[in-house]
Structure formats: C-alpha cells, structure tokens
Amino acid sequence: MTKKRFIIFTKIYMKKIRILFLLISLVSCNAKSQSNNKHGKEYIVAKSENEWRSELSKMSYYVLREAGTERAFTGVLNYNKNEGLYVCAGCKAPLYESKYKYESGSGWPSFDRGIEENLEYDVDYKIGYPRSELKCNKCGGHLGHMFNDGPKNTTGQRHCINSAALIFIPSIE
Ligand SMILES: [Zn+2]
C-alpha cells in the first residue's frame with residue numbers, strides 16, 4: 001500500500017467509525033429518555049396507578065405507591081412470630097425471612113436484614129432530614145426505612161417495614 005492510498009484508506013475508515021459512534025450515541029440517548037420515568041428507574045413489575053389501585057387494599061396502596069406510613073402498632077404483622085416468608089404485597093417478591101424479625105418496640109415489623117437482591121435503598125427527605133428509604137426492587141413499592149439502631153449483636157440494622165407493604169406466607173411444616 002502506498003502512503004497516499006494508506007491516507008485515503010484511513011480517512012474512509014475514520015468516517016465509518018464516526019458514523020458508528022454517532023449511531024451508538026443516538027441509540028443510548030433514546031434508551032435513556034425511555035427509562036426516565038417518575039423514579040428514574042424501570043422496574044420489572046410495572047403497572048399503571050389505576051391497576052395498582054384496583055389490586056391493592058387502600059392501606060397497601062397508600063404505603064407502597066404513595067410512600068405513606070401506617071400508624072404504629074396498627075399493622076397485622078407487627079406481632080407476628082410465626083415462621084415463614086414476608087413477600088411484597090405489590091408483586092410478591094420475597095423480601096424478609098421470619099428468622100431475622102425481632103421485637104424492636106417501634107410498632108412496626110422490624111428485621112435486622114432483608115433479602116438484599118430484592119431491596120432497593122433510596123433516600124427521602126420527607127421529614128426534613130435524609131432517611132434511608134427501603135423499596136421493593138421489583139416493583140418500586142415503598143416498604144419503610146432503614147435505621148442503624150438495630151440489634152448490635154447481629155447487623156446493627158433495623159429495617160422498619162410497614163405491615164401493609166408485606167404479605168406473610170407461613171412455612172409448611
Ligand atoms: Zn414489589
């Protein structure tokens with residue numbers, strides 16, 4: 001290959017690469033704009049607010065979809081000590097195991113750890129200072145908050161979860 005030919009070849013080649021990069025950036029911008037929903041994240045389980053409203057109880061909708069908090073000591077699972085699995089009331093994803101539930105005295109079901117792959121950690125400023133918000137990683141439903149005043153002999157974490165965000169599935173003996 002002569003020097004001149006090599007330069008022409010390089011120029012054509014560079015042009016092709018530039019077009020390729022342009023195409024990639026167009027595709028990625030498009031993908032980005034599609035995922036920019038209210039939470040900036042797409043969840044595996046996605047439903048319209050009307051669908052959620054018709055499927056969930058009033059309290060579960062208030063907690064999961066509106067990030068509400070049930071009144072302390074009112075949730076049916078607060079004192080539940082049976083063995084089993086706690087799943088998301090919105091999408092049934094397994095979130096907590098009964099062996100990690102403990103009595104915190106807070107008035108809400110408390111766990112010292114959750115099933116990490118199904119939990120999402122976010123931050124909210126609802127009461128003026130940042131709190132670590134816990135959400136279901138599959139449907140984006142609000143579950144509760146995480147605090148660092150949990151049992152010191154285990155994880156030190158307190159996952160303070162609304163009863164209405166959970167469904168309890170007892171273990172079969
Ligand atoms: Zn869920």
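**Notebook: loops, core and strand pairs**

I started with Ala67, which lies in the loop between α3 and β1. Helices here are DSSP runs of H or I with at least four residues, strands are runs of E with at least two, and both are numbered from the N terminus. I note that this is a predicted model: local features need pLDDT of at least 70, side-chain atom pairs count only at pLDDT 80 or more, and totals for chains, interfaces and linings use all residues. Residues are numbered from 1 along each chain as its sequence is written.

**Entry 1**

I looked up phi for Ala67 and found a positive value near 55°, in a residue other than glycine. Most residues other than glycine have a negative phi. The scale I used calls a residue buried if 20 or more other C-beta atoms lie within 10 Å of its own, exposed if 12 or fewer, and partly exposed in between, with C-beta atoms placed from the backbone.

Lys92 also went on my list, with a positive phi near 70° in a residue other than glycine. I placed Lys92 in the loop between β1 and β2. Lys92 has 14 C-beta neighbours inside 10 Å, so it counts as partly exposed.

**Entry 2: Cys91**

I then moved to Cys91, in the loop between β1 and β2. Is Cys91 buried or exposed? It counts as buried because 21 C-beta neighbours fall inside 10 Å. I listed its contacts (C-beta atoms, placed from the backbone, within 7 Å). Apart from neighbours within four places in sequence, Cys91 touches Val45, Cys136, Lys138 and Cys139. I also recorded the C-alpha to C-alpha distance from Cys91 to Ala46, which is 9.5 Å across 45 residues of sequence.

**Entry 3: whole chain**

I counted 3 helices and 9 strands in the chain. In sequence order the pattern reads α-α-α-β-β-β-β-β-β-β-β-β. Of the 173 residues, 26% are buried. Taking contacts between residues at least 6 apart in sequence, I find that 57% join residues at least 24 apart.

**Entry 4: nonpolar core**

I looked for nonpolar cores, meaning sets of buried Ala, Val, Leu, Ile, Met, Phe, Trp, Tyr and Cys residues joined through C-beta atoms within 7 Å. The largest has 23 residues, and Cys88, Ala89, Leu95, Ile161 and Ala165 have the most contacts inside it. At least two of its residues come from each of α3 (58–64), β1 (84–88), β2 (94–97), β6 (131–136), β7 (142–147) and β8 (158–161). The largest share, 3 residues, is from α3.

I followed up Leu95. Beyond neighbours within four places in sequence, its contacts include Tyr86, Val87, Cys88, Cys136, Leu143 and Leu166.

**Entry 5: β7 and its partners**

Which strands pair with β7? I took two strands as paired if DSSP finds at least two bridges between them. β6 and β7 run antiparallel and are joined by 4 bridges. Lys135 has His142 in β7 as its bridge partner. The hairpin of β6 and β7 has 5 residues between the strands, and in it Gly140 takes a positive phi near 80°.

β7 and β8 also run antiparallel, with 4 bridges. His145 is bridged to Cys160 in β8. I noted that β7 is mostly covered, with 5 of its 6 residues buried.

Technical notes
Two residues are in contact if their C-beta atoms, placed from the backbone, lie within 7 Å.
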